[in-house]
Amino acid sequence: MHVEHAIVGAGLIGGYLAAHLADVTLQLQSDARLLVVGRDYAKSQFGPRLTISDFATPVQTRDTQNIEFVTNTSSWASTERYPNVVWLTIKCTGIKQVVPDIRPLIGPQTIVVCCQNGIGSDAVIRQAFPDNPVIRCMFPFNVVKLNKGHFHRGSSGTVMLERLPLGQYPVFDDFHQRFSPVIDALNEQYGEVFPCAWCSNMDALLWAKCQVNLTNSVNALSNLSLKETLLDKGYRKIIALMMQEHLAVCAAQGIALPKITKVAAKFIPTVLRLPNWLFSRLAKSMVDIDPHAKLSMWWDLDQGRATEIDFINGATMIAGQRLGIDTPMNNIVYAAIKKMEKAPTRYALSAQDLLK
Ligand SMILES: NC(=O)c1ccc[n+]([C@@H]2O[C@H](COP(=O)([O-])OP(=O)(O)OC[C@H]3O[C@@H](n4cnc5c(N)ncnc54)[C@H](OP(=O)(O)O)[C@@H]3O)[C@@H](O)[C@H]2O)c1
(Lines give C-alpha, C1' and ligand atoms only; values in the text may rest on other atoms or scores of the structure.)
Protein backbone atom coordinates (compact mmCIF):
# COMPACT_ATOMS: atom_id res chain seq x y z
CA MET A 1 0.00 0.00 0.00
CA HIS A 2 1.39 3.40 -0.86
CA VAL A 3 0.24 6.99 -1.22
CA GLU A 4 0.23 8.48 -4.72
CA HIS A 5 -1.94 11.46 -3.87
CA ALA A 6 -2.38 13.55 -0.74
CA ILE A 7 -5.06 16.17 -0.08
CA VAL A 8 -4.21 18.85 2.47
CA GLY A 9 -7.33 20.58 3.82
CA ALA A 10 -10.31 18.38 4.64
CA GLY A 11 -12.98 20.99 3.93
CA LEU A 12 -15.50 21.43 1.13
CA ILE A 13 -13.22 21.22 -1.92
CA GLY A 14 -10.97 18.67 -0.17
CA GLY A 15 -13.98 16.49 0.63
CA TYR A 16 -15.44 16.62 -2.85
CA LEU A 17 -12.05 15.90 -4.39
CA ALA A 18 -11.32 13.06 -1.94
CA ALA A 19 -14.62 11.35 -2.76
CA HIS A 20 -13.57 11.02 -6.40
CA LEU A 21 -9.82 10.68 -6.11
CA ALA A 22 -9.93 7.83 -3.56
CA ASP A 23 -11.97 5.68 -5.89
CA VAL A 24 -10.13 6.57 -9.11
CA THR A 25 -6.63 6.06 -7.71
CA LEU A 26 -7.68 2.70 -6.30
CA GLN A 27 -8.94 1.62 -9.70
CA LEU A 28 -5.66 2.59 -11.31
CA GLN A 29 -3.57 0.88 -8.64
CA SER A 30 -5.11 -1.71 -6.37
CA ASP A 31 -2.85 -0.79 -3.45
CA ALA A 32 -3.15 3.01 -3.70
CA ARG A 33 -4.04 4.91 -0.57
CA LEU A 34 -5.21 8.50 -0.50
CA LEU A 35 -3.77 10.59 2.30
CA VAL A 36 -6.09 13.30 3.63
CA VAL A 37 -4.54 15.83 5.99
CA GLY A 38 -7.11 17.73 8.00
CA ARG A 39 -8.20 19.15 11.30
CA ASP A 40 -9.23 16.81 14.07
CA TYR A 41 -12.85 18.04 13.88
CA ALA A 42 -13.06 17.00 10.21
CA LYS A 43 -11.87 13.42 10.74
CA SER A 44 -15.26 11.84 11.41
CA GLN A 45 -16.44 12.98 7.94
CA PHE A 46 -14.02 10.75 6.12
CA GLY A 47 -15.33 7.22 6.65
CA PRO A 48 -15.27 4.23 4.27
CA ARG A 49 -17.88 5.95 2.12
CA LEU A 50 -18.52 9.53 1.12
CA THR A 51 -21.81 10.79 -0.27
CA ILE A 52 -21.94 13.03 -3.30
CA SER A 53 -24.86 14.92 -4.79
CA ASP A 54 -25.52 17.86 -7.03
CA PHE A 55 -28.21 19.91 -8.68
CA ALA A 56 -28.58 17.53 -11.63
CA THR A 57 -27.71 13.96 -10.68
CA PRO A 58 -29.10 11.63 -8.01
CA VAL A 59 -27.28 11.12 -4.71
CA GLN A 60 -24.34 8.72 -5.09
CA THR A 61 -21.86 7.12 -2.74
CA ARG A 62 -18.15 6.61 -3.28
CA ASP A 63 -16.00 3.88 -1.84
CA THR A 64 -13.31 5.68 0.16
CA GLN A 65 -11.91 2.82 2.22
CA ASN A 66 -8.42 3.63 1.03
CA ILE A 67 -8.43 7.10 2.62
CA GLU A 68 -5.94 7.53 5.42
CA PHE A 69 -6.82 10.60 7.46
CA VAL A 70 -4.08 12.26 9.48
CA THR A 71 -3.96 15.44 11.49
CA ASN A 72 -0.19 15.58 11.79
CA THR A 73 2.10 15.02 8.83
CA SER A 74 5.27 14.58 10.85
CA SER A 75 3.98 11.37 12.42
CA TRP A 76 2.99 10.04 9.01
CA ALA A 77 6.06 10.72 6.95
CA SER A 78 8.92 8.63 8.27
CA THR A 79 8.45 5.26 6.57
CA GLU A 80 6.63 6.42 3.45
CA ARG A 81 7.78 7.34 0.03
CA TYR A 82 6.70 10.82 -1.03
CA PRO A 83 3.33 11.27 -2.77
CA ASN A 84 3.37 12.06 -6.48
CA VAL A 85 0.84 14.81 -6.02
CA VAL A 86 -0.12 17.01 -3.09
CA TRP A 87 -3.42 18.81 -3.60
CA LEU A 88 -3.68 21.93 -1.42
CA THR A 89 -7.35 22.52 -0.66
CA ILE A 90 -7.05 25.00 2.19
CA LYS A 91 -8.03 28.66 1.90
CA CYS A 92 -5.56 31.33 0.73
CA THR A 93 -5.48 32.64 4.29
CA GLY A 94 -3.84 29.41 5.52
CA ILE A 95 -1.18 29.08 2.82
CA LYS A 96 1.75 30.57 4.76
CA GLN A 97 1.02 28.46 7.83
CA VAL A 98 0.67 25.25 5.82
CA VAL A 99 4.24 25.30 4.47
CA PRO A 100 5.90 23.54 7.45
CA ASP A 101 2.99 21.07 7.59
CA ILE A 102 3.42 19.93 4.01
CA ARG A 103 7.22 19.87 4.02
CA PRO A 104 7.31 16.19 5.11
CA LEU A 105 5.11 15.31 2.10
CA ILE A 106 7.12 17.05 -0.59
CA GLY A 107 9.82 14.93 -2.18
CA PRO A 108 11.99 15.85 -5.17
CA GLN A 109 9.38 14.50 -7.62
CA THR A 110 6.25 15.80 -5.90
CA ILE A 111 3.98 18.19 -7.74
CA VAL A 112 1.86 20.60 -5.72
CA VAL A 113 -1.60 21.51 -6.97
CA CYS A 114 -2.88 24.81 -5.54
CA CYS A 115 -6.68 24.84 -5.58
CA GLN A 116 -7.22 28.31 -4.11
CA ASN A 117 -9.49 31.01 -5.45
CA GLY A 118 -8.04 34.43 -6.12
CA ILE A 119 -4.63 35.53 -7.31
CA GLY A 120 -1.18 35.04 -5.87
CA SER A 121 -1.37 32.57 -2.98
CA ASP A 122 0.54 29.96 -5.02
CA ALA A 123 3.59 32.28 -4.95
CA VAL A 124 4.17 31.28 -1.33
CA ILE A 125 4.32 27.61 -2.30
CA ARG A 126 6.60 28.26 -5.29
CA GLN A 127 8.97 30.18 -3.03
CA ALA A 128 8.97 27.45 -0.38
CA PHE A 129 9.48 24.63 -2.90
CA PRO A 130 11.42 26.24 -5.76
CA ASP A 131 12.49 22.93 -7.34
CA ASN A 132 9.04 21.34 -7.39
CA PRO A 133 6.44 21.86 -10.09
CA VAL A 134 3.62 23.90 -8.62
CA ILE A 135 0.45 24.12 -10.68
CA ARG A 136 -2.80 25.96 -10.09
CA CYS A 137 -6.22 24.36 -10.27
CA MET A 138 -9.51 26.19 -10.65
CA PHE A 139 -12.74 24.75 -9.24
CA PRO A 140 -15.59 26.47 -11.12
CA PHE A 141 -18.42 25.05 -9.03
CA ASN A 142 -19.34 25.63 -5.43
CA VAL A 143 -19.46 22.82 -2.90
CA VAL A 144 -21.42 22.75 0.33
CA LYS A 145 -21.70 20.12 3.04
CA LEU A 146 -25.21 18.80 3.51
CA ASN A 147 -24.56 16.19 6.18
CA LYS A 148 -21.64 14.45 7.78
CA GLY A 149 -19.58 13.03 4.88
CA HIS A 150 -22.01 14.39 2.29
CA PHE A 151 -20.60 16.95 -0.16
CA HIS A 152 -22.97 18.70 -2.56
CA ARG A 153 -21.96 20.40 -5.79
CA GLY A 154 -24.18 23.46 -6.25
CA SER A 155 -23.28 24.47 -9.80
CA SER A 156 -21.57 23.14 -12.90
CA GLY A 157 -18.29 23.62 -14.78
CA THR A 158 -15.02 21.89 -15.58
CA VAL A 159 -12.16 21.71 -13.08
CA MET A 160 -9.17 23.29 -14.83
CA LEU A 161 -5.57 22.24 -14.17
CA GLU A 162 -2.62 24.34 -15.24
CA ARG A 163 -0.61 22.88 -18.10
CA LEU A 164 3.02 23.86 -17.68
CA PRO A 165 5.13 24.35 -20.77
CA LEU A 166 7.21 21.24 -21.40
CA GLY A 167 10.76 21.55 -20.16
CA GLN A 168 9.99 24.15 -17.48
CA TYR A 169 10.74 21.69 -14.70
CA PRO A 170 13.03 18.69 -15.19
CA VAL A 171 10.62 16.43 -13.31
CA PHE A 172 7.44 17.75 -14.84
CA ASP A 173 7.55 16.07 -18.23
CA ASP A 174 7.86 12.71 -16.57
CA PHE A 175 5.28 13.68 -13.99
CA HIS A 176 2.77 14.67 -16.63
CA GLN A 177 2.82 11.13 -17.91
CA ARG A 178 2.09 9.86 -14.42
CA PHE A 179 -0.54 12.46 -13.57
CA SER A 180 -2.54 12.41 -16.82
CA PRO A 181 -3.94 8.89 -16.27
CA VAL A 182 -5.59 10.09 -13.05
CA ILE A 183 -7.20 13.05 -14.81
CA ASP A 184 -8.27 10.81 -17.70
CA ALA A 185 -9.75 8.32 -15.24
CA LEU A 186 -11.63 11.07 -13.39
CA ASN A 187 -13.16 12.17 -16.68
CA GLU A 188 -13.95 8.65 -17.81
CA GLN A 189 -15.45 7.54 -14.52
CA TYR A 190 -16.96 10.74 -13.16
CA GLY A 191 -17.01 13.14 -16.10
CA GLU A 192 -20.63 14.02 -15.36
CA VAL A 193 -19.93 15.33 -11.86
CA PHE A 194 -16.17 15.95 -11.85
CA PRO A 195 -15.08 16.95 -15.36
CA CYS A 196 -11.41 18.01 -15.62
CA ALA A 197 -9.31 19.63 -18.34
CA TRP A 198 -5.85 21.14 -18.77
CA CYS A 199 -5.48 24.89 -19.23
CA SER A 200 -2.54 26.64 -20.90
CA ASN A 201 -3.47 30.16 -19.79
CA MET A 202 -4.21 29.86 -16.11
CA ASP A 203 -3.46 33.53 -15.41
CA ALA A 204 -6.31 34.65 -17.66
CA LEU A 205 -8.66 32.02 -16.26
CA LEU A 206 -7.95 32.98 -12.64
CA TRP A 207 -8.37 36.70 -13.33
CA ALA A 208 -11.73 35.85 -14.97
CA LYS A 209 -12.76 33.82 -11.90
CA CYS A 210 -11.53 36.67 -9.70
CA GLN A 211 -13.93 39.04 -11.46
CA VAL A 212 -16.85 36.76 -10.64
CA ASN A 213 -15.62 36.35 -7.06
CA LEU A 214 -15.81 40.12 -6.45
CA THR A 215 -19.50 39.48 -5.71
CA ASN A 216 -18.39 37.53 -2.66
CA SER A 217 -17.40 40.61 -0.65
CA VAL A 218 -20.67 42.45 -1.32
CA ASN A 219 -22.69 39.40 -0.32
CA ALA A 220 -20.73 39.33 2.95
CA LEU A 221 -21.30 43.05 3.64
CA SER A 222 -25.01 42.88 2.81
CA ASN A 223 -25.48 40.06 5.35
CA LEU A 224 -28.22 38.75 3.02
CA SER A 225 -28.54 35.67 0.86
CA LEU A 226 -26.81 35.87 -2.52
CA LYS A 227 -30.18 36.04 -4.23
CA GLU A 228 -31.33 38.99 -2.08
CA THR A 229 -27.98 40.72 -2.67
CA LEU A 230 -28.27 40.36 -6.43
CA LEU A 231 -31.86 41.54 -6.48
CA ASP A 232 -30.79 44.85 -4.88
CA LYS A 233 -29.89 47.36 -7.59
CA GLY A 234 -27.59 49.28 -5.24
CA TYR A 235 -25.48 46.21 -4.39
CA ARG A 236 -25.40 45.31 -8.10
CA LYS A 237 -24.08 48.80 -8.87
CA ILE A 238 -21.24 48.26 -6.39
CA ILE A 239 -20.35 44.90 -7.92
CA ALA A 240 -20.49 46.45 -11.41
CA LEU A 241 -18.16 49.29 -10.36
CA MET A 242 -15.66 46.86 -8.84
CA MET A 243 -15.80 44.72 -11.96
CA GLN A 244 -15.16 47.72 -14.21
CA GLU A 245 -12.05 48.51 -12.19
CA HIS A 246 -11.03 44.86 -12.44
CA LEU A 247 -11.57 44.84 -16.22
CA ALA A 248 -9.42 47.96 -16.60
CA VAL A 249 -6.65 46.34 -14.54
CA CYS A 250 -6.83 43.16 -16.65
CA ALA A 251 -6.77 45.11 -19.92
CA ALA A 252 -3.73 47.10 -18.74
CA GLN A 253 -1.95 43.83 -18.00
CA GLY A 254 -2.80 42.55 -21.49
CA ILE A 255 -4.97 39.78 -20.07
CA ALA A 256 -7.83 38.72 -22.36
CA LEU A 257 -10.40 37.20 -20.04
CA PRO A 258 -11.95 33.92 -21.18
CA LYS A 259 -15.73 33.59 -21.06
CA ILE A 260 -16.56 31.55 -17.96
CA THR A 261 -20.13 32.72 -17.44
CA LYS A 262 -23.12 32.91 -19.76
CA VAL A 263 -22.32 36.57 -20.37
CA ALA A 264 -18.80 37.55 -21.52
CA ALA A 265 -16.65 39.15 -18.79
CA LYS A 266 -16.76 42.68 -20.21
CA PHE A 267 -20.58 42.74 -20.47
CA ILE A 268 -21.30 41.57 -16.91
CA PRO A 269 -21.21 45.12 -15.42
CA THR A 270 -23.75 46.27 -18.03
CA VAL A 271 -26.10 43.43 -17.11
CA LEU A 272 -25.70 44.19 -13.40
CA ARG A 273 -26.71 47.81 -13.97
CA LEU A 274 -30.05 46.90 -15.59
CA PRO A 275 -33.21 47.87 -13.70
CA ASN A 276 -34.53 45.13 -11.42
CA TRP A 277 -37.42 44.07 -13.66
CA LEU A 278 -35.12 43.55 -16.66
CA PHE A 279 -32.20 42.10 -14.68
CA SER A 280 -34.33 39.40 -13.08
CA ARG A 281 -35.57 38.37 -16.53
CA LEU A 282 -32.35 38.57 -18.54
CA ALA A 283 -30.03 37.27 -15.83
CA LYS A 284 -32.38 34.47 -14.80
CA SER A 285 -29.54 31.97 -14.25
CA MET A 286 -27.82 34.41 -11.86
CA VAL A 287 -30.85 34.78 -9.62
CA ASP A 288 -32.44 31.38 -10.14
CA ILE A 289 -30.53 29.99 -7.19
CA ASP A 290 -31.17 28.54 -3.76
CA PRO A 291 -32.80 31.48 -1.95
CA HIS A 292 -30.72 30.74 1.18
CA ALA A 293 -27.32 30.32 -0.53
CA LYS A 294 -24.52 32.60 0.68
CA LEU A 295 -20.98 32.96 -0.59
CA SER A 296 -17.86 31.94 1.29
CA MET A 297 -16.93 35.38 2.67
CA TRP A 298 -20.33 35.57 4.30
CA TRP A 299 -19.62 32.24 6.01
CA ASP A 300 -16.08 33.31 6.97
CA LEU A 301 -17.42 36.42 8.71
CA ASP A 302 -20.19 34.42 10.31
CA GLN A 303 -17.64 32.01 11.77
CA GLY A 304 -15.28 34.81 12.85
CA ARG A 305 -12.59 33.79 10.33
CA ALA A 306 -10.45 35.95 8.07
CA THR A 307 -11.79 36.20 4.51
CA GLU A 308 -9.84 35.68 1.26
CA ILE A 309 -10.36 39.35 0.28
CA ASP A 310 -6.61 40.04 0.05
CA PHE A 311 -6.40 37.56 -2.84
CA ILE A 312 -9.57 38.70 -4.66
CA ASN A 313 -10.37 42.44 -4.38
CA GLY A 314 -6.86 42.90 -2.96
CA ALA A 315 -5.32 41.44 -6.14
CA THR A 316 -7.19 43.96 -8.30
CA MET A 317 -6.15 46.82 -6.00
CA ILE A 318 -2.45 45.86 -5.91
CA ALA A 319 -2.29 45.42 -9.68
CA GLY A 320 -4.15 48.75 -10.04
CA GLN A 321 -1.57 50.52 -7.85
CA ARG A 322 1.26 49.02 -9.88
CA LEU A 323 -0.34 50.08 -13.16
CA GLY A 324 -1.58 53.52 -12.06
CA ILE A 325 -5.26 52.55 -12.27
CA ASP A 326 -7.61 53.76 -9.53
CA THR A 327 -9.80 51.16 -7.86
CA PRO A 328 -11.95 53.29 -5.51
CA MET A 329 -14.93 50.94 -5.18
CA ASN A 330 -12.70 47.95 -4.46
CA ASN A 331 -10.84 50.07 -1.87
CA ILE A 332 -14.09 50.94 -0.06
CA VAL A 333 -15.36 47.37 -0.04
CA TYR A 334 -11.94 46.03 1.01
CA ALA A 335 -11.77 48.44 3.96
CA ALA A 336 -15.34 47.57 4.98
CA ILE A 337 -14.59 43.82 4.99
CA LYS A 338 -11.38 44.33 6.98
CA LYS A 339 -13.35 46.35 9.55
CA MET A 340 -16.07 43.70 9.71
CA GLU A 341 -13.49 40.92 10.18
CA LYS A 342 -12.44 42.62 13.43
CA ALA A 343 -15.92 43.58 14.66
CA PRO A 344 -17.14 41.80 17.80
CA THR A 345 -20.67 41.46 16.42
CA ARG A 346 -22.05 40.99 12.95
CA TYR A 347 -23.72 43.93 11.18
CA ALA A 348 -24.79 44.78 7.64
CA LEU A 349 -23.89 47.66 5.36
CA SER A 350 -26.44 48.95 2.88
CA ALA A 351 -25.53 49.82 -0.69
CA GLN A 352 -26.12 53.48 0.23
CA ASP A 353 -23.59 53.20 3.08
CA LEU A 354 -20.99 51.89 0.64
CA LEU A 355 -21.77 54.32 -2.18
CA LYS A 356 -21.64 57.47 0.02
N1 LIG B 1 -16.13 25.74 -1.34
C2 LIG B 1 -16.32 26.08 -2.60
O3 LIG B 1 -17.43 25.96 -3.11
C4 LIG B 1 -15.17 26.58 -3.44
C5 LIG B 1 -15.35 26.67 -4.83
C6 LIG B 1 -14.29 27.08 -5.62
C7 LIG B 1 -13.08 27.41 -5.04
N8 LIG B 1 -12.96 27.34 -3.68
C9 LIG B 1 -11.65 27.70 -3.10
O10 LIG B 1 -11.03 26.52 -2.64
C11 LIG B 1 -10.23 26.81 -1.49
C12 LIG B 1 -10.69 25.90 -0.35
O13 LIG B 1 -12.01 26.27 -0.01
P14 LIG B 1 -12.98 25.38 0.91
O15 LIG B 1 -14.32 25.98 0.77
O16 LIG B 1 -12.80 23.94 0.62
O17 LIG B 1 -12.39 25.72 2.36
P18 LIG B 1 -12.76 25.03 3.74
O19 LIG B 1 -14.07 24.32 3.64
O20 LIG B 1 -12.56 26.05 4.79
O21 LIG B 1 -11.65 23.88 3.87
C22 LIG B 1 -10.32 24.10 4.22
C23 LIG B 1 -10.01 23.17 5.39
O24 LIG B 1 -8.60 23.10 5.54
C25 LIG B 1 -8.29 23.21 6.92
N26 LIG B 1 -6.92 23.64 7.08
C27 LIG B 1 -6.39 24.89 7.01
N28 LIG B 1 -5.06 24.86 7.24
C29 LIG B 1 -4.75 23.56 7.46
C30 LIG B 1 -3.53 22.90 7.76
N31 LIG B 1 -2.38 23.57 7.87
N32 LIG B 1 -3.55 21.55 7.93
C33 LIG B 1 -4.72 20.86 7.82
N34 LIG B 1 -5.90 21.44 7.55
C35 LIG B 1 -5.91 22.78 7.36
C36 LIG B 1 -9.31 24.20 7.43
O37 LIG B 1 -9.40 24.17 8.83
P38 LIG B 1 -9.59 25.57 9.64
O39 LIG B 1 -10.70 26.33 8.97
O40 LIG B 1 -9.95 25.08 11.02
O41 LIG B 1 -8.29 26.29 9.57
C42 LIG B 1 -10.57 23.66 6.72
O43 LIG B 1 -11.10 22.58 7.42
C44 LIG B 1 -10.45 28.30 -1.20
O45 LIG B 1 -9.43 29.06 -1.77
C46 LIG B 1 -11.77 28.61 -1.89
O47 LIG B 1 -11.90 29.97 -2.25
C48 LIG B 1 -13.96 26.92 -2.87
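Begin by selecting helix H1 (12–28) and helix H3 (95–102), each of which supplies at least two residues of the shell around the ligand. Keep in mind throughout the tour that what you have open is a predicted model.

**The ligand and its shell**

Next, select the ligand together with its surroundings, where you will find 24 residues, the closest being Ile-13, Tyr-41, Asp-101, Val-143 and Glu-308. If you colour this shell by residue type, it divides into 11 nonpolar, seven polar and six charged residues.

Now show the atoms of three of these neighbours in turn. At Ile-13, look at the backbone, where a polar atom is 2.8 Å from an oxygen atom of the ligand. At Val-143, return to the backbone, where an N or O atom lies 2.6 Å from an oxygen atom of the ligand. Then display the surface of the ligand, which exposes 880 Å² when taken alone, and of which the protein buries 85%.

**The whole chain**

Zoom out and switch to a cartoon view, in which the secondary structure of the chain comes to 15 helices and 12 strands. The C-alpha atoms fill a box of roughly 60 × 40 × 40 Å, taken along the principal axes. For a chain of 356 residues, a compact globule would have a radius of gyration near 21 Å, and the 20 Å of this chain agrees with that. Of the 356 residues, 51% are buried.

**Two loop residues**

Select Gln-45, which you will find in the loop between strand E2 (32–37) and strand E3 (49–54). Is Gln-45 buried or exposed? Its relative accessibility is 11%, and since buried means under 20%, Gln-45 counts as buried.

Finally, move to Asn-84, whose place is in the loop between helix H2 (73–77) and strand E6 (85–88). With a relative accessibility of 9%, Asn-84 also counts as buried. Show its side chain along with that of Glu-4, and you will see the two side chains of Asn-84 and Glu-4 joined by a polar contact of 2.4 Å.

Methods: Residues are numbered from 1 along each chain as its sequence is written. This is a predicted model: local features need pLDDT of at least 70, side-chain atom pairs count only at pLDDT 80 or more; totals for chains, interfaces and linings use all residues. Side-chain values use heavy atoms; hydrogens and water are left out. A residue is near a molecule or strand if one of its heavy atoms lies within 4 Å of it. A polar contact is a pair of N or O atoms within 3.5 Å; within protein, one must be able to donate a hydrogen and the other to accept it, and residues adjacent in sequence count only if both atoms are side-chain atoms. Accessible areas come from the Shrake-Rupley method with a 1.4 Å probe; for residues, only the protein chains shown count as cover. Helices (H or I, at least four residues) and strands (E, at least two) are DSSP runs, numbered from the N terminus. Ala, Val, Leu, Ile, Met, Phe, Trp, Tyr, Cys and Pro count as nonpolar, Asp, Glu, Lys and Arg as charged, and the others, Gly among them, as polar. The radius of gyration is taken over C-alpha atoms; the globule rule is 2.2 Å times the number of residues to the power 0.38. Buried means under 20% relative accessible area, exposed over 50%, partly exposed in between (1.4 Å probe, protein chains only).
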